[in-house]
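Visitor: Could you walk me through this one with me looking at it? I'm new to this.
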Amino acid sequence: MSRTTWFASKKNLHMKYSSQRSEVINISRQMNDCGINQGTSGNVSVRTDEGFLVTASGIAYDVMKPEHVVEVTLDGGYYGAYLPSSEWRMHLDIYHTRPEAGAVVHVHSPYATALSCLGEDIPAFHYMIVVAGGDTIRCAEYATFGTEQLSKNMIAALDGRNACLLANHGMICFSSDLDKSLALAIEVEALCHQFVIARQAGEPIILDAEEMKTVLEKFKTYGKQADELEDAGEQAVLSPVKIE
């Protein structure tokens with residue numbers, strides 16, 4: 001093997017997961033295109049068999065290439081020439097503590113970020129709050145970006161939830177895959193927007209705990225098709241009679 005070939009093989013040794021790298025880049029561009037993120041802020045990751053892939057620090061998404069999606073191990077090491085996102089620790093801790101997490105999206109979306117600056121949980125002003133996993137969307141206590149303390153605060157706010165605000169910072173969420181994680185981020189941002197409008201118009205009526213308990217139960221089958229309902233429990237909404 002020539003010296004040039006040897007160096008090329010070493011360079012590409014850890015350029016695995018090519019399809020997942022492309023998906024991370026695609027989702028990163030979508031989150032900026034749809035207006036829930038700006039510039040190089042925010043970050044995206046997806047779980048792998050050996051850890052996770054996360055966007056590199058400071059690389060604009062419109063010029064991002066596969067090598068800018070950094071492979072990180074679950075013990076906190078990384079491969080390649082590029083540093084992972086400054087918020088790699090939040091992604092790492094989600095994958096450590098939440099086995100159901102397949103992908104993570106963190107954004108500085110306008111309305112979620114504005115509400116995070118108030119340091120308040122978002123109450124059940126709308127039943128769709130349950131998309132985050134509970135009857136509120138919590139706001140994690142403030143800590144400096146990129147720190148272990150921020151990650152600890154986030155994990156506490158995500159207890160029983162799959163999305164939360166990060167005080168004076170933004171929003172983070174996770175789901176089973178990249179598409180669902182992006183969809184959740186978009187939904188949470190829409191709820192934050194609606195909450196801001198409702199508060200401008202008056203004092204929102206907050207749904208009580210009993211109603212939110214009912215909604216949470218119904219959401220186990222919400223949006224599912226017939227072939228997905230077999231083991232999901234009672235259907236959320238009574239469907240019309242199917243005509244054979």
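Visitor: How much space lies in the largest cavity?
Guide: About 30 Å³ of space lies in the largest cavity, where a cavity is a set of points on a 1 Å grid over the protein atoms alone at which a 1.4 Å probe fits but cannot get out, and the volume is the space filled by probe spheres set on those points, joined across faces, edges and corners. This is a predicted model, in which local features need pLDDT of at least 70 and side-chain atom pairs count only at pLDDT 80 or more, while totals for chains, interfaces and linings use all residues.
Visitor: And which residues line the largest cavity?
Guide: The lining is made of Leu115, Leu118, Glu120, Asp121, Ile122, Phe195 and Arg199, each with an atom within 4 Å of a point. Residues are numbered from 1 along each chain as its sequence is written, and side-chain values use heavy atoms, with hydrogens and water left out.
Visitor: What classes are in that lining?
Guide: There are four nonpolar, no polar and three charged residues in the lining of the largest cavity; Ala, Val, Leu, Ile, Met, Phe, Trp, Tyr, Cys and Pro count as nonpolar, Asp, Glu, Lys and Arg as charged, and the others, Gly among them, as polar.
Visitor: New topic: at what angle do H2 and H6 pack?
Guide: Helix H2 (residues 18-33) and helix H6 (residues 178-201) pack at an angle of about 15 degrees, and their axes are 10 Å apart. That makes H2 roughly parallel to H6, a term for angles under 35 degrees. Axes are lines fitted to C-alpha atoms, for helices over the stretch in contact, and angles run from 0 to 180 degrees between N-to-C directions. Helices are DSSP runs (H or I, at least four residues), numbered from the N terminus.
Visitor: Which residues make the contact?
Guide: From H2 come Glu23, Val24, Ile27, Gln30 and Met31, and from H6 come Leu178, Asp179 and Leu182, contact meaning heavy atoms within 4.5 Å. By class, the contact of H2 with H6 has five nonpolar, one polar and two charged residues.
Visitor: What about H3 and H5, how do they pack?
Guide: Helix H3 (residues 88-97) and helix H5 (residues 148-157) pack at about 40 degrees, with axes 9 Å apart.

Note on methods:
Helix = DSSP H or I, 4+ residues; strand = E, 2+ residues; numbered from the N terminus. Parallel < 35°, antiparallel > 145°, perpendicular 65-115°, else oblique. 1 Å grid on protein atoms, 1.4 Å probe; cavity = no way out; pocket = protein on both sides within 12 Å on 5 of 7 lines; lining within 4 Å.
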